[in-house]
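Try each task before reading its solution.

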Amino acid sequence: MRIKVAASLLSADFSRLWDEVKRVEDDGVDIIHWDVMDGHFVPNISIGPCVIQSLRDKTKLPFYIHLMIEAPDRFLDTFVDAGGDAIFVHAEACPHLQRTVRGIKNLGVKAGVALNPATSLGAVDQVLEDLDSLLIMTVNPGFGGQKFIPAMLPKIREAKRMVDDRGLDVDIGVDGGIDEETAPLTVEAGANLLVIGSAIYGKKGLSVKRLKEMLAK
Ligand code: DX5
Ligand code: ZN
């Protein structure tokens, strides 16, 4: 499977967001990953739909919206209207996950489910067929720049096995602490969608082009 890199803007310079999008677009990024936080589901507040909408017409890159919010059903259409091409909800925030996933698909966009590190794959077992992506959180969500949790590697492997055994076309994503060192480990385990924030936008200044070349070897 082709490796896709999604740039998480959480660690970008918010005062010049457009430049930060343009820079990664020129560097071969496939997707812009928007981290939406409500201060309840995670202990942080980030950006909302108006900010996302303000950049929608400025790039052709798909927007993947990672909703780290309680009761996301209330806002699915809002984030599709803001320009989301894929909406990710957390299994932990959705008591009726199948309904929520169908709700996303009915809006005509891709559906993804994210799992916190402590949530097992059983949470998506019954909805896997309906998903376009499964996002394995490799940190506890809420902040950029956290350390990758190596115990997630067997979970990535197991997720890949579930998807392959059923012959499904579901991206296996990883989000949190992905950099030059951890990306190859997750790809080897079966991930094909890498969400990267601070490694790109922080001091490391990771080049997406170079990372992709490295992973292709
Ligand atoms: C964490 C967010 C991530 C985060 C990734 O709550 O969902 O998308 O921004 O950032 P890094 O790559 O710095 O861990
Ligand atoms: Zn994210």
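**Exercise 1. Find which residues are closest to ligand 1.**

Solution. Start with the surroundings: 20 residues lie around ligand 1, counting those with a heavy atom within 4 Å of it. The closest are Ser8, Gly142, Gly145, Asp175 and Ser198. Before going on, note that this is a predicted model, where local features need pLDDT of at least 70 and side-chain atom pairs pLDDT 80 or more, while totals for chains, interfaces and linings use all residues. Residues are numbered from 1 along each chain as written, chains are lettered from A and ligands numbered from 1 in written order, and side-chain values use heavy atoms, leaving out hydrogens and water.

Next, look at polar contacts (pairs of N or O atoms within 3.5 Å). The side chain of Ser8 places an N or O atom 2.8 Å from an oxygen atom of ligand 1. A polar backbone atom of Gly177 is 2.8 Å from a ligand 1 oxygen, and one of Gly197 is also 2.8 Å from an oxygen atom of ligand 1.

**Exercise 2. Describe how helices α6 and α8 pack.**

Solution. Helices here are DSSP runs of H or I with at least four residues, numbered from the N terminus. Take α6 (residues 182-189) and α8 (residues 208-216): their axes are 11 Å apart, at an angle of about 45°. Axes are lines fitted to C-alpha atoms over the stretch in contact, with angles from 0 to 180 degrees between N-to-C directions. Finally, Ala183, Pro184 and Val187 of α6 meet Leu211, Met214 and Leu215 of α8, with heavy atoms within 4.5 Å.

Notes: Helices (H or I, at least four residues) and strands (E, at least two) are DSSP runs, numbered from the N terminus. A polar contact is a pair of N or O atoms within 3.5 Å; within protein, one must be able to donate a hydrogen and the other to accept it, and residues adjacent in sequence count only if both atoms are side-chain atoms.
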